[in-house]
Amino acid sequence: MTQVATVLGIESSCDDTAAAVVRGVPGNMEVLSSVVFGQADLHSDFGGVVPEIAARAHAERLDMSVAQALEQAGIGLCDIDAIAATCGPGLIGGVVAGVMTAKGLSAATGKPLYGINHLAGHALTPRLSSGIAFPYLMLLVSGGHCQFLIARGPDDFKRLGGTIDDAPGEAFDKVARLIGLGQPGGPAIETIAQDGEAKRFAFPRPLSNKPGCDLSFSGLKTAVLRARDDIIAKQGGLTVRDQADLAASFQAAVTDSLAGKAKRALEVYLDLAPVIPTFCVAGGVAANMTIRTVLETVCAEANVAFDAPPLALCTDNAAMIAAAGIEQMRLRAPDGMDLSARPRMPLDTKSTAMLGSGKKGAKA
């Protein structure tokens, strides 16, 4: 398929209910509408996302999201060429809600259905926002994932390394809770860290002395916990200054870890001699401007172009799913009504699973 396509995208893998309409061809696409209903208020009392609450909210909001996305785009269901929906990985209740909504729309309209890997949506976002050509180096960094990938095509990703335990976004959320900040943890830590002293606490940069591109954030989280407990033991609690310094020191450790491994990933990528070497970053943590700035500096030193999508396309959204659907329409036939929702769905299926496997499949 080479003609212009208009695709409705649906995303419901975690705690954002989203629908969007994207039109174009691979490498040249336009977002006609993007609707996202967050759930932060529903989960704020629990210190994190509650899967059952998230799934119920998705079921209640998906039809409204689709209706608003179509209205904003100024089109009807009859005007779309296909429906693309996240089919994994993610919280299974939410993924099921999105897949079933897409199946219903496909059955009712006769429009083809494409199941999209949520991670592919993030990894292909530079194609939507900037028309970046393959191959490019991608750092996918979010609440549940962290991987260095060489994107060689819409369905061809080579993993160079990633986290062996916690994802950075998960670590941000956990550390925010540890030091008494609100959720989501990423924005909370980034905001207060602006007033903090990043050198007050000498937190570790795990695996920095190990070869390769793998990362680890679990031990860093534990180091923050111990530092917090030491402060509380000495003075009975945390001051705002303590919170800011802890946040700044933690954020600096995460940034240094990502930057150090990015340099190694760039070495591998540049060995491929790409015509226009480009390093891209996407995912929710890519919205952190401190991390973006340091990664941009790393790329400048390596004489590699740096690309980060607009902030609205970094966090979970359906525009990236619709765009991935446009990419997929060129490569394969639509999915059938037997499309299944999957809690685990690695991008690089040829490499050994990093985080183990089970009945539900490889984690990453």
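Helices here are DSSP runs of H or I with at least four residues, strands are DSSP runs of E with at least two, and both are numbered from the N terminus. The model is predicted, so to speak of local features takes pLDDT of at least 70 and side-chain atom pairs count only at pLDDT 80 or more, while totals for chains, interfaces and linings use all residues. Residues are numbered from 1 along each chain as its sequence is written, and side-chain values use heavy atoms, leaving out hydrogens and water.

**Exercise 1.** Describe how H7 packs on H9.

Two packed helices are described by the angle between their axes and the distance between the axes. Helix H7 (residues 185–193) and helix H9 (residues 240–270) pack at about 110°, with axes 8 Å apart. Axes are lines fitted to C-alpha atoms, for helices over the stretch in contact, and angles run from 0 to 180 degrees between N-to-C directions. Under 35 degrees counts as roughly parallel, over 145 as roughly antiparallel, 65 to 115 as roughly perpendicular and the rest as oblique. So H7 and H9 are roughly perpendicular. Next, list the contacts (heavy atoms within 4.5 Å): Ile189, Glu190, Ile192 and Ala193 of H7 meet residues of H9 including Val240, Gln243 and Phe250. By class, that contact has eight nonpolar, two polar and one charged residue. The classes go like this: Ala, Val, Leu, Ile, Met, Phe, Trp, Tyr, Cys and Pro are nonpolar, Asp, Glu, Lys and Arg are charged, and the others, Gly among them, are polar.

**Exercise 2.** Work out how H6 runs relative to H8 and to H9.

Take helix H8 (residues 218–235) to begin with: its axis and that of H6 come within 10 Å and cross at roughly 10°. That makes H6 and H8 roughly parallel. Lys174, Val175 and Leu178 of H6 touch Lys221, Val224, Leu225 and Arg228 of H8. The tally is four nonpolar, no polar and three charged residues.

Now H9: the axes of H6 and H9 come within 11 Å and cross at roughly 170°, so the two are roughly antiparallel. Pro168, Ala171, Phe172 and Val175 of H6 meet Phe250, Gln251 and Val254 of H9. This contact has six nonpolar, one polar and no charged residues.
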